[in-house]
Amino acid sequence: MGISSKKLAFGFLNFVVVFFSVVHGDPLVPGFIIFGDSVVDVGNNNNLYTLVKANFPPYGRDFVTHKPTGRFCNGKLVVDFTAEFLGFTSYPPAYISPEAKGKNLLTGVNFASGASGYYDRTAQLYRAISLTQQLNYYKEYQDKVVNMVGQAKANALFSGAIHLLSAGSSDFVQNYYVNPAINPYYTADQFSDILINSYTNFVQTLYGLGARRIGVTNLPPLGCLPASITLFGRGSNQCVDRLNKDAASFNNKLESTSQNLRKLPGLKLVVFDIFHPLLDLIRKPTANGFFESRRACCGTGTLETSMLCNSRSIGTCTNATGYVFWDGFHPSASANEVMAGALLEQGFDLIS
């Protein structure tokens, strides 16, 4: 299998950033703080009373420990690769975990929860941690940091850290499209307006708490997720165009709203495009070093995720590196590495 020029370019970017960090002895930013959903959850759902978990095999089989951690992936997430690119020697710990204490908090933390979203009722449906609660935890986290290092050093951490938000996919795929209590009453466009309003409030709240470097990922091509094709494709084996159009429309609103939010004094706000990099992997897998972009590695590759992706799932592939998707909703570690490179390329404003 050949290595694409895009992977080589991302590898070079990784080398440049890590070399810069090593030479100067410190990460490029003082902290990395994460909010959102299962795409960036590193284990917060492990101890929740929810079915949305990934703390069992075969999840984590290709992670550095070769053990499940709660990451919805066979290995590293985009945020893990991003932490490495930024020069950190460890990953921000799940806030609801034994690791999230003491000095481990001083370089960042992860509040993300699988099945959470901009719409708090999405999280409530699955007993996940809503974005509202994630912000409450962030305030609690700030108090802990202030108590450890004092207000001045804490403020420097909060203003200098990159705050990354990944949300919206669960709101559509795990709520709006399947919830008869919502979809008859709102068009997808109206529902996206509700999400955008939540996003605006989230950024303004973070800003009010001292954050000045904020990144947000846009929606992926929702209609190309293996589970979406299975659930909404009506027997087709192709991406569901309607869902991709909904994602693209939301992304346009996200960008225009962010343009207005950038007027806040001193705020660096970057919208990371993951829609097009992931769509490129899906449409041109072989050109990017992959051989399978329709079926996921776990189980039949058409639907399985969370509890349905388990050690007894029949058909699970032996080598996930050639698969764009690990399970029905989540990219493989190999795809995450490519997308992390895309984020790095787009995010230099946050580290400058």
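In the protein, 72% of the contacts between residues at least 6 apart in sequence join residues at least 24 apart. The model is predicted, and its secondary structure comprises 12 helices and 4 strands. For 352 residues, a compact globule would have a radius of gyration near 20 Å; the value for the protein is 19 Å, which agrees. Along the principal axes, the C-alpha atoms fill a box of roughly 60 × 50 × 35 Å. Of the 352 residues, 58% count as buried. The accessible surface comes to about 15,000 Å², and 56% of this area belongs to carbon and sulfur atoms.

The 4 strands form an open sheet in the order β1-β2-β3-β4, with parallel pairing. From one strand to the next, the twist averages 20°. The pairing of β3 (residues 213–217) with β4 is parallel and extends over 5 bridges. Isoleucine 214 is placed opposite leucine 269 of β4.

Asparagine 175 lies in the loop that runs between α6 (169–173) and α7 (188–208). Its relative accessibility is 1%, and because buried means under 20%, asparagine 175 counts as buried. The side chain of asparagine 175 makes a polar contact of 2.9 Å with the side chain of threonine 122. With neighbours within four places in sequence left aside, asparagine 175 is in contact with Tyr119, Arg121, Thr122, Leu125, Ser170 and Ile182.

How values were computed. Residues numbered from 1 in each chain as written. Predicted model: local features only at pLDDT ≥ 70, side-chain atom pairs only at ≥ 80, totals over all residues. Heavy atoms only, no water. Helix = DSSP H or I, 4+ residues; strand = E, 2+ residues; numbered from the N terminus. Buried < 20%, exposed > 50% of the residue type's maximum accessible area, 1.4 Å probe, protein only. Polar contact = N/O pair within 3.5 Å; in protein donor to acceptor, adjacent residues only side chain to side chain. Contact = heavy atoms within 4.5 Å. Pairing = 2+ DSSP bridges. Axes fitted to C-alpha atoms, helices over the stretch in contact; angles between N-to-C directions. Rg over C-alpha atoms; globule rule 2.2 N^0.38 Å. Areas by Shrake-Rupley, 256 points an atom, 1.4 Å probe, with all protein chains shown as cover.
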